Every structure is written in C-alpha cells, then in structure tokens.
Amino acid sequence: MSDRYRNNANLYQGAKDIAREVNQVSDDYRYQDGNYAPSDGYYHDGNEPTQEEDAQSDATEGHDEDDEVYEGEYQGIPHPDDIKGKQKKKAPAMADEFRDKAELIAERMEDEEQLAHQYENIIEECGHGRFQWMLFFVLGLALMADGVEVFVVGFVLPSAEKDMCLSSSNKGMLGLIVYLGMMVGAVIWGGLADKLGRKKCLIISLAINAAFAFLSSFVQGYGIFLFCRLISGLGIGGSLPIVFAYFSEFLSREKRGEHLSWLCMFWMIGGIYASAMAWSIIPHYGWGFSMGTKYHFHSWRVFVIVCVLPCISSLVALKFMPESPRFLLEIGKHDEAWMILKQVHDTNMRAKGEPERVFTVAHIKTPKQIDEFIEIQSSTGSWYQRWLIRIMSTLKQVWDNLLYCLTAQYKMNTLILAMVWFSMAFSYYGLTVWFPDMIRYLQNEEYESRLKTFNREHVTHVTINFTLENQIHRNGVFLNIKFAKMKLKYVTFEDMLFEECYFEDVTSSETVFRNCTILSTVFYNTDLYEDKFIECRFINVTFLHQKEGCHLDFEQENDFLIYLVSFLGSLSVLPGNIISALLMDKIGRIKMIGGSMLISAVCCFFLFFGNSESVMIGLQCLFCGANIAAWNALDVITVELYPTSKRSTAFGILNGLCKFGAILGNSIFASFVGITKVVPILLASSVLVAGGLLALRLPETREQVLM
C-alpha cells in the first residue's frame, strides 16, 4: 500500500507541476480583439496571421508529432516538451542577481534598441495632431519664460540702479547673477528630470522661478533682490533642457526636427514680449505707489510682475499634460506609458474625425531594470534619515548619469557639442550685450558733442527753476541765487563760488561739484549728497531734510531706443527661424549648424562699418537672423544624440556650459566698449568659425530613431 500511495503522490505532484506550467504559459498570452495575442514584449500591428490563417497545429487535431493522442490536448493544454523548452528560456531571467553586471547592461542596451524602433512605430500609429499641438503651446510658454528671464534684468537695470542706489560693480553683478543661476539650474534640473520625470521637474522648476521672480518685485534691498533673481534663474534654468527632451519624446522621426525648430520660436516670442512690456510699462513712473519714505513700488516693479505671467500660465497648463511615456518605459512603468500613448492616439484620431480607429498596441518592450531605487521601510530610522537616503540615492544616480555622458561611447560627441555650445553662447550673448552698449556709447558721444561750457560767469540775485543739462561751469560766481524745483543733468561745477545761495527741491543726475567754495548756503530737500562734492570747502552751510534713497530720471535713462533695439533684435529672428524649421529635415542638422555659424561669422565683419545708431541696429538684426538656425539645429541634435535615460542630463550639462559662455562673453565684450571695436569683432568671428568647422565632425541624426 505504501508503494501505491507513493506512486499516486508522485502522479499528483506531476499533475500539479504541469498545471503550474500551463498557467505560466497562459499568462504569456493576452486576449486582444477576439484573438489571443502573445505578450512576448514586442509590438504587434495586427498584420500577423492569426491562428486560423496559419497551418493548424497538432494540438487542434488532437495529435502530437508521432500522431499519438495525449491527455489534455483537446483542452488546449501544451505538450510537456513545450513546457520544458519554455523553462529553459526562462531559466536565466530567474537568476539576475547571480549574473555579471556587464551582461545585464548589455541585455538592457539590446532591450533599449528594440524599444527605440518599436516606440517609433507606436508614435507613427498615434499620429501627429491635436495632442502634440496642445503640448507644443504649453511647453512653448515655459520656453517663453526662459526668454523673458534673460531680458528682464537688462530692462530694469537703468531704473533699479537708481531705485537701489547701485554702484557700477553692483550693476555688473546684477546683470550676471541670472546667468549664474540658470547655469547651475540647467545642470541640476536636467539631471533630475532623467530620474524623477520630465513633467514633475519642469513643474517644480517653473514654480521656483515664478515664486522668487514675483517676490523680487516687492523687496527693497539690493542684497535680497539679488538673491531672489539668483533663485529665480536657478528655477528657470531647468526649462530649456527639460522642454526639448519632453517634447521630442512625443514626436516621430519625420516630424522631430521641424517641430522642435518651431518650438524655438517661443524663446524669440519671450524677447518680444519682454521688450513690448518694458516699453509700455517702465517709462510710466506714476504706475506705482509709496508707503512712507522707505517703501517705493515703481513702474519697473510692475514690469517684473508682468514678466512672470508666461511662467505661471505654463505652470497651470502643465497640470493637464501627461508624463513622457518614453521616460516611463525606461523606468519600467509599462501600464502608465501604455495609457498615455492610448490617450495621445485617441485624442489625435478624434480630432481627425476617426474616433472608431482602435489603438492596436497590446504590449510594449520595457528595458531590463538594473539600478532600481530601494525604498526603506517607514519603521527604519527617523523621517530625516529616510529622506536623506532618498536624496543621496537620487544624487548618486544623477552623478552617474553625468559621468555616463563622458564614457567612451559618448565622450567625443559630448566634447564637440560642449565646444560648439560654448562658442555659440560666447559670441551670441557677448555681441547682444555689446550692441546696446555700443549704441549707448554712440549716443553719449553725440550728446557730449553738444556740451556747453561757461567760463568766468558772474550771476547774482536770480531764481533758476529750469533744467540745467550737459554743461560745464568754470571759475565763476553764483551770488544770492535760488535754485528751486529743478534738475541738474550732467552738469559739472569746477572752481566755482556759491555765496548766500538756496537750493530747494533739487534732483541731480551725473552732476558733480569739484574744488568749489560754498559760503552761507542752504540745501533743503535735495539729493546733493556728500559724494557729489569733491575737494570742496564748506563755510556756514546747512543741509536740511535731504531726500532719501535714489530717484529715477526716465527722460534720460529709459530712452525708448533701449527697448526698440531688443524688440527688433528678437523680431529679426523670425525669418531665420521659419527657414531653419522648413529645412531642418531636408538638409540635416550638421549642415545647418555649420552653415549658420559661418554666415554669422561673415556678418561680424560688417560691424566695422557700424558708426551710427541705425547702422548698428541693422547689423544686430542681420547677425541674430543668421545665428538662430544654428541654435535650433543645436537643440535638435543634442536631444537626438543621447538615449532617453541620459537625454535631459546631457542637455542640462551643455546648456549650463552655454550660460558660462554667456557670462564670459558679457564680461569680455562689455570691457571693450568705447576702447576698440577690433577685438570684439575678431574674437566673435574667429570663435564662430572654429565652432562651425568643429560641428561638421558630429554625426548626422535626422534619420535616427530616438534611443
């Protein structure tokens, strides 16, 4: 009896094993459109022959290979030999922890290559339509916010420097602080977007920008204003690398170059928006309020608030947009990615009037997950220890991504792209700062040519209540003179005698008293502070109720030409942007970069003929229009050269280097204003030629699927 019992037990155990394998095999098949579709990890477009169209199997006829009937065939249970074969195929996957990491990485790379081609087919099936255009405008607003941020400080600086009594060194720091924040922000947010997600990081970065940009419009002190603009730049720095990586993952190969180029137009729109708002708001000094003598909210602060609107609009609209399905597939979230792709497909099909078309994708390949994030239990350690582990793990993954961009596979492309990005930023941002400074310098030269000089004048017993402007008074005498409710603009008093004079409600701009003697004189409610008197002698002089703070003089400082130059410079980009978008997929990215940079270098030489304001404005428009095609192609090729898991990181590194080039270009080019034009022109043109020739060594990517 024991033997019989033992035999029955063995039979029972064997039946259980077969049933278990049957369940495993049946799990590998999913029901789709009335047929059982194998979930083998590959994309099926529905064109494969069905089981009825194919030759009938032995199982359906009730016979095995030797024409013998075995129990369970008619119920569709697989043959034991088939089960053993499947077990052999699955055996290696069950022991990943014992396999070499290099082998796992190789397997993941193979999976990623299969996913790249499969994903391209899926995006083509989803089509290009309403969904992509909605995302286009939402991400365009984020890119517009980046463009606005670059222009804001330049527009408010003439007003803010007087409102906050800024010295020349403080003005220079305020002009560079935004680029510094954007440089750091690009690297940080670009790296985090490859680990935490495109949408999540973009929302956080835009929220930081909006919050601190809004706050900066209310703060009064220079230090806190500088800090707010720094953090604001830190936030908006993430928009550029994330936006291009995000949008590219919803585009097919045929549409990618063109539509990423169209997206670049929003940066130009940001410049136009900032110029138009500055022109219409800042000169209206009355658009503000004051709270006592300490707190002033002038019109330039209203302008800062208005410039936050594109960022806030994009932030709100992003809430209704999905995460990138390509990113979700990279981290193994198959079902979420599938649902988003189905949403894209259905949205586009409904817009095309074909709501009956069915999304035929049953299963999408997901790469093997190697370095998965390990979540510690809530009972382990304190809350800050758990958060510290999460943060350190994420930062290590970001650092690994940074190093990955310098591995043998990507090292050469990364170095070439870095030099091209740097050369573009150094010349472009350097010249765009140099142009307005040169125009201002030409204006000052013309202004000084009309300078009036008064020698040995003797004025007594009169009241002066009109503006004195662009004058020099030497070796004269003012006796019993009343200066009332007037302005002194660019006036110099040298070796003068002021006796029994009365200054009341006087404001001054670029005015100085040098080696003067002042006797029995009263200064009441003026801004003639101690620093405006150089080596002067005071005898029986009284200062009463001096004005507090600095005071704006829009008639001189906020000349509309400042805004007009930026407006026309941004508008001139439009023709180049249209041409580059239409030709991007026809002539290729490499020829576009090289050709645009070489043409821009030629445009630089025309700057030798810029001896008037109108000529300089025209040359700036020519340079910006020729340069934009290279920027567009550079953005496109950067997202196409790197895999999805490293795309945003690589873009962030290169864009951070771009901002460093902008800082360097601004500092160097500005130092030559009024000294010589030769150095800036030769420096910009030579850097552009070198970068353009170097770009020709990059691989062409227009026929490449998005890895």
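1. Let me start with the overall make-up: 23 helices and 18 strands are found in the protein, taken as DSSP runs (helices H or I with at least four residues, strands E with at least two) and numbered from the N terminus. Please keep in mind that this is a predicted model, where local features need pLDDT of at least 70 and side-chain atom pairs count only at pLDDT 80 or more, while totals for chains, interfaces and linings use all residues. Residues are numbered from 1 along each chain as its sequence is written, and side-chain values use heavy atoms, with hydrogens and water left out.

2. On burial, 49% of the 707 residues count as buried, a class defined as under 20% relative accessible area, with exposed over 50% and partly exposed in between (1.4 Å probe, protein chains only). The protein exposes about 33600 Å², 60% of it supplied by carbon and sulfur atoms; these areas come from the Shrake-Rupley method with a 1.4 Å probe, and for residues only the protein chains shown count as cover. Of the contacts (heavy atoms within 4.5 Å) between residues at least 6 apart in sequence, 67% join residues at least 24 apart.

3. Leu 488 of β10 stands opposite Leu 468 and has Ser 508 in β12 as a bridge partner.

4. Glu 494 is buried at 18% relative accessible area, whereas Arg 514 is partly exposed at 35%.

5. There is also an open sheet of five strands, paired in parallel in the order β6-β9-β11-β14-β17. Its edges are β6 (458–460) and β17 (537–539), each pairing on one side only. Neighbouring strands are turned by 5 degrees against each other on average, direction ignored; the axes are lines fitted to C-alpha atoms, for helices over the stretch in contact, and angles run from 0 to 180 degrees between N-to-C directions. Within this sheet, Phe 478 has Phe 498 in β11 as its bridge partner.

6. Asp 585 lies 2.8 Å from Arg 589 by closest N and O atoms, and Glu 640 lies 2.7 Å from Arg 589 in the same terms. The second pair links helix α20 to helix α21 (residues 613–641) across 51 residues. Arg 589 is buried at 0% relative accessibility and Glu 640 is buried at 1%, while Asp 585 is partly exposed at 23%.

7. Finally, the surface carries a nonpolar patch with about 800 Å² of accessible area, including Val 602, Phe 605 and Leu 682. Patch residues have over 30% relative accessible area and no salt bridge, with like charges joined within 9 Å and nonpolar side chains (Val, Leu, Ile, Met, Phe, Trp, Tyr) within 5 Å. α20 (589–605) and α23 (678–695) each supply at least two residues, and α23 gives the largest share, three.

Note on methods:
A salt bridge is a side-chain nitrogen of Lys or Arg within 4 Å of a carboxyl oxygen of Asp or Glu. Two strands pair if DSSP finds at least two bridges between them.
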